[in-house]
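Welcome! Open the structure in your viewer, keep the selection tool at hand, and follow along stop by stop.

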Amino acid sequence: MEAVYEAKTKHTDEMIKQYVKFQNNVNTPTKKLQSVLIAMCVLALMLLVPQKNFHALCIAITALILLNAMLGDFFTASYLKREDENYKRQNDILYHFGNSGFSMENPADKESLRFTYQDIRAMYQDEKFWYLCMKGGELHMVGKGDVLNYDGRFGIFLEKQSGLKLKNAKTTVLERIQIMQGRKKSLEEDKKKRPRKGILP
């Protein structure tokens, strides 16, 4: 496959941080909202049971739920850094984007994966990364500074080859709810496909 664009990237602190943030915003978009609602329900129980010990328990549980909602991204990123060999060894991840598809290579692990653009379910971007969400469930991230022959048209190239529009990775609460509703249908389709190993666990 002749490459039109090539990218060389690593699993950096910034990439893992943005990976976790993206997963929360797009793949589990209502997770934090659900945590807040559960916390409010626990506090509401205090009105039903007038015992002081029960009140203290409800407040403690609420604090733990909200603390997890606020610091969950940090704990998830810390876990990924401990488990991701590509992060620990700072392996180079190479992408080759051709007209008919793209490939990912990890020379250190002798790993190579090939995809067609029809394997992409959705595409997103923010100021630092392009996010390719695959139908098998994996996510591939390419840093905007990692495309070796970047000419300002890489995003346009992805849209043309895939037939998809690049969406903004920064989403509002309403957009997150809509994404979650749409995900239910696409997950049913994804279950029929065998997932392949993605760029991050």
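The tour below goes from aromatic rings to the core, then to a sheet and some charged pairs.

Before you start, note that this is a predicted model, in which local features need pLDDT of at least 70 and side-chain atom pairs count only at pLDDT 80 or more, while totals for chains, interfaces and linings use all residues. Residues are numbered from 1 along each chain as its sequence is written, and side-chain values use heavy atoms, with hydrogens and water left out.

**Stop 1: the rings**

Select Tyr5 and Phe154. Their ring centres are 5.2 Å apart and their planes stand at 70 degrees, so this pair is edge-to-face. Rings of Phe, Tyr and Trp (its six-membered ring) pair if their centres lie within 6.5 Å; planes under 30 degrees apart are stacked, over 60 edge-to-face, and the rest tilted. Tyr5 sits in strand β1 (residues 3-9) and Phe154 in helix α5 (residues 154-162), 149 residues apart. Helices (H or I, at least four residues) and strands (E, at least two) are DSSP runs, numbered from the N terminus.

Buried or exposed: which is Phe154? Phe154 is buried, with a relative accessible area of 1%. Here buried means under 20% relative accessible area, exposed over 50%, and partly exposed in between (1.4 Å probe, protein chains only). Tyr5, at 6%, counts as buried.

Phe97 and Phe154 form an edge-to-face pair, 5.0 Å centre to centre with 75 degrees between the planes. Phe97 lies in strand β2 (residues 93-98), so its pairing with Phe154 in helix α5 ties together parts that are 57 residues apart in sequence. A search of the whole structure finds 14 aromatic pairs, and ring pairs link a cluster that includes Tyr5, Phe97, Trp130 and Phe154.

**Stop 2: the core**

Next, select Tyr95, Phe97, Phe102, Phe154 and Leu158. These have the most contacts inside the largest nonpolar core, which has 21 residues. A nonpolar core is a set of buried Ala, Val, Leu, Ile, Met, Phe, Trp, Tyr and Cys residues joined through side-chain atoms within 4.5 Å. Apart from this core lies another, of 16 residues, among them Tyr19, Val26, Phe129 and Tyr131.

**Stop 3**

Strands β6 and β7 run antiparallel and are joined by five bridges.

Click on Trp130: its bridge partner in β7 is Val142. Over the face of Trp130 lies Lys144, at 5.2 Å from the ring centre. A charge sits over a ring if NZ of Lys or CZ of Arg is within 6 Å of the ring centre and within 35 degrees of the ring normal.

**Stop 4: charged pairs**

Which residue forms a salt bridge with Asp13? Select Lys81: the closest N and O atoms of the two are 3.4 Å apart. A salt bridge is a side-chain nitrogen of Lys or Arg within 4 Å of a carboxyl oxygen of Asp or Glu. Asp13 lies in helix α1 (residues 13-27) and Lys81 in helix α3, so this pair ties together parts that are 68 residues apart in sequence.

Finally, pick Lys128 and Glu14, whose side chains meet in a salt bridge (3.1 Å, N to O). Lys128 is in the loop between β5 and β6, and Glu14 in helix α1, 114 residues apart.

Notes
Pairing = 2+ DSSP bridges.
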